[in-house]
Protein chains: 2
Amino acid sequence: MERRSINVKIGSMTAKKQRTERRSDALSKERIVAAAIEILDTEGESGLTFRALAARLATGSGAIYWHVADKNELLAATTDHVIARVMTRVIGDAEPSEAIRAIALGVFDAIDEHPWVGAQLSREPWRTAMLQIFEGIGGRLQRLGVPEAAQFDAASVLLNYILGVAGQNAANARIAAGDAARTDRMTFLGAVAARWARLDAAEYPFLRQVSAQFPKHDDREQFLAGVALILAGIATVR
Amino acid sequence: MERRSINVKIGSMTAKKQRTERRSDALSKERIVAAAIEILDTEGESGLTFRALAARLATGSGAIYWHVADKNELLAATTDHVIARVMTRVIGDAEPSEAIRAIALGVFDAIDEHPWVGAQLSREPWRTAMLQIFEGIGGRLQRLGVPEAAQFDAASVLLNYILGVAGQNAANARIAAGDAARTDRMTFLGAVAARWARLDAAEYPFLRQVSAQFPKHDDREQFLAGVALILAGIATVR
DNA sequence: ACCTGAACACCGTTCAAGT
DNA sequence: ACCTGAACACCGTTCAAGT
């Protein structure tokens with residue numbers, strides 16, 4: 001099948017020697033995860049089916065189950081993969097609060113690139129991806145001098161805030177993708193703002209007021225502003 | 001069908017006169033939403049299918065589509081219904097920061113009761129449910145004296161934090177429900193903590209330390225501590 | 001040990017046909 | 001106007017059979 005030629009570049013770079021000596025393009029969890037990420041990025045969450053994945057890997061759909069327990073594990077593995085990359089890139093000896101900002105931003109940008117991660121992160125908690133983020137944040141809070149009794153709560157606020165934003169970005173991307181196939185960011189925000197502006201003035205005064213700033217605002221900046229606000233609150237207890 | 005007798009109590013209390021004069025137990029969006037909520041509460045998200053819903057309503061599965069566009073709208077309507085109840089209960093003239101705490105807690109408790117709401121809230125944003133929460137928070141921030149330029153960011157942090165926690169609670173409930181059918185809260189938390197304690201000490205020092213406090217901690221208290229932390233951060237800019 | 005692909009038990013959604 | 005329920009086009013998952 002000519003599909004094979006596409007797959008050559010998918011695996012772990014070149015066809016380095018596998019543990020088994022079978023065909024060099026043998027299936028492996030890594031190749032499956034890589035292919036799944038490609039599908040998720042290009043076709044969206046609904047595009048990832050075992051049939052589509054099998055077709056891309058030029059194999060039978062049942063073969064995937066030899067390497068992966070089920071779709072849940074597959075999705076969790078793709079999320080872990082994306083987040084693990086982010087976290088290794090973020091490792092460094094920056095000043096703690098700066099490091100926290102870097103972690104948050106790294107996750108934000110990763111989700112901007114792979115919106116489906118935002119949904120998955122919340123769906124399967126206590127997996128490697130979340131633990132790495134939590135650990136990264138918690139460690140910096142310790143070095144920041146947050147008293148031990150407050151560290152757990154402080155790390156939790158930051159983590160949950162990040163998860164909340166992640167979920168929203170995933171949802172927005174899903175909506176934008178569905179909308180006439182080619183709605184860009186600005187027109188999407190504009191449409192939301194316009195809808196808010198049309199809301200009942202008595203019932204939604206705040207939303208109407210805010211609708212004016214909405215199209216101008218930058219999600220990434222607002223996300224960072226939120227992190228700063230939370231860090232300011234944490235500074236209060238140390 | 002004897003199912004009918006069950007359904008009598010499901011609708012809008014007693015069979016008040018309908019707009020149409022047909023059978024008093026005629027289908028309506030409200031009855032469908034109420035039945036869907038019952039299924040979601042008792043069988044979980046995966047239990048809500050159009051076939052199950054139709055069976056409970058003693059009708060054909062196609063009939064539901066006369067009142068509801070598709071499953072997405074059905075889920076959004078159930079979420080709006082649950083959150084709307086919370087928000088009307090919360091309305092009052094409490095001191096602003098106290099009102100914000102009440103809104104947050106109201107949403108938290110609603111999700112504790114209907115875990116699926118936590119997942120749905122993030123899945124379909126910019127719907128009535130989220131707008132009501134956002135408006136409620138934003139309005140109190142104004143009254144709290146937060147400068148106008150900071151109101152949007154401040155309301156967003158709080159909203160996203162709530163959404164993050166909501167998503168986690170939904171996921172935890174889903175896991176607990178799957179686990180041997182009858183894992184209670186404490187043993188679930190204990191299991192998570194035990195797993196954390198077993199993590200590599202070099203890679204996850206923070207998680208290992210925190211694992212000791214984890215079983216003792218109260219999600220609700222921790223949620224409130226997070227709200228307080230964010231409010232403290234917001235107080236910084238006013 | 002690993003892969004194949006037909007088969008199974010479901011889904012959401014549609015739609016001709018009824019009342 | 002509203003409801004019925006068979007039919008359609010999918011799913012994830014299993015498993016006997018192959019190499």
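A salt bridge is taken here as a side-chain nitrogen of Lys or Arg within 4 Å of a carboxyl oxygen of Asp or Glu. The structure is a predicted model, in which local features need pLDDT of at least 70 and side-chain atom pairs count only at pLDDT 80 or more, while totals for chains, interfaces and linings use all residues; side-chain values use heavy atoms, with hydrogens and water left out. Residues are numbered from 1 along each chain as its sequence is written, and chains are lettered from A and ligands numbered from 1 in the order in which they are written.

By the salt-bridge rule, the count over all chains comes to 14. One of these joins the side chains of A:Lys29 and A:Glu73, with an N to O distance of 2.6 Å. The two residues are 44 residues apart and link distant parts of the chain, A:Lys29 lying in helix H2 (residues 29-43) of chain A and A:Glu73 in helix H4 (residues 71-90) of chain A. Helices (H or I, at least four residues) and strands (E, at least two) are DSSP runs, numbered from the N terminus.

Chain A is divided into domain 1 (1-68) and domain 2 (91-235), the bounds coming from an automatic or database domain assignment. The contact between them, defined by heavy atoms within 4.5 Å, takes 4 residues from domain 1 of chain A and 6 residues from domain 2 of chain A. About 430 Å² is buried between the two domains, 55% of it on carbon and sulfur atoms; buried area is the accessible area (1.4 Å probe) that two parts lose on being put together, summed over both. On the side of domain 1 of chain A, the residues losing the most area to domain 2 of chain A are A:Leu40, A:Asp41 and A:Glu45, which together make up 88% of what that side buries.

The rule finds 2 salt bridges across this domain interface. A:Glu45 also takes part in a salt bridge with A:Arg123, in which the closest N and O atoms are 3.8 Å apart. The side of domain 1 of chain A that touches domain 2 of chain A divides into 2 nonpolar, no polar and 2 charged residues. In this classification, Ala, Val, Leu, Ile, Met, Phe, Trp, Tyr, Cys and Pro count as nonpolar, Asp, Glu, Lys and Arg as charged, and the others, Gly among them, as polar.

Between the two protein chains, 58 residues of chain A are in contact with 58 residues of chain B. Chain A and chain B bury about 4,900 Å² between them, of which 64% is on carbon and sulfur atoms. In chain A, the residues that lose the most area to chain B are A:Trp126, A:Phe152 and A:Phe206, together 17% of what that side buries. The count of salt bridges between chain A and chain B is 0, whereas 16 residue pairs (both at pLDDT 80 or more) are in polar contact across the interface. A polar contact is a pair of N or O atoms within 3.5 Å; within protein, one must be able to donate a hydrogen and the other to accept it, and residues adjacent in sequence count only if both atoms are side-chain atoms.

Several helices of chain A each supply at least two residues of the side that touches chain B, among them helix H6 (115-123), helix H7 (128-144) and helix H11 (219-235). The largest share of that side, 19 residues, comes from H8(A). By residue class, the side of chain A that touches chain B divides into 31 nonpolar, 20 polar and 7 charged residues.

DNA strand C is surrounded by 19 residues, the closest being A:Thr59, A:Gly62, A:His67, B:Arg51 and B:Lys71; a residue is near a strand if one of its heavy atoms lies within 4 Å of it. Sugar and phosphate account for 50% of the atoms of DNA strand C that come within 4 Å of the protein. At the bases, an N or O atom in the side chain of B:Arg51 is 2.8 Å from a base oxygen of DNA strand C.

For DNA strand D, 19 surrounding residues are found, the closest being A:Arg51, A:Lys71, B:Thr59, B:Gly62 and B:His67. The side chain of A:Arg51 places an N or O atom 2.8 Å from a base oxygen of DNA strand D, and a backbone N or O atom of B:Gly62 lies 3.5 Å from a base oxygen. The surface near DNA strand D divides into 7 nonpolar, 8 polar and 4 charged residues.
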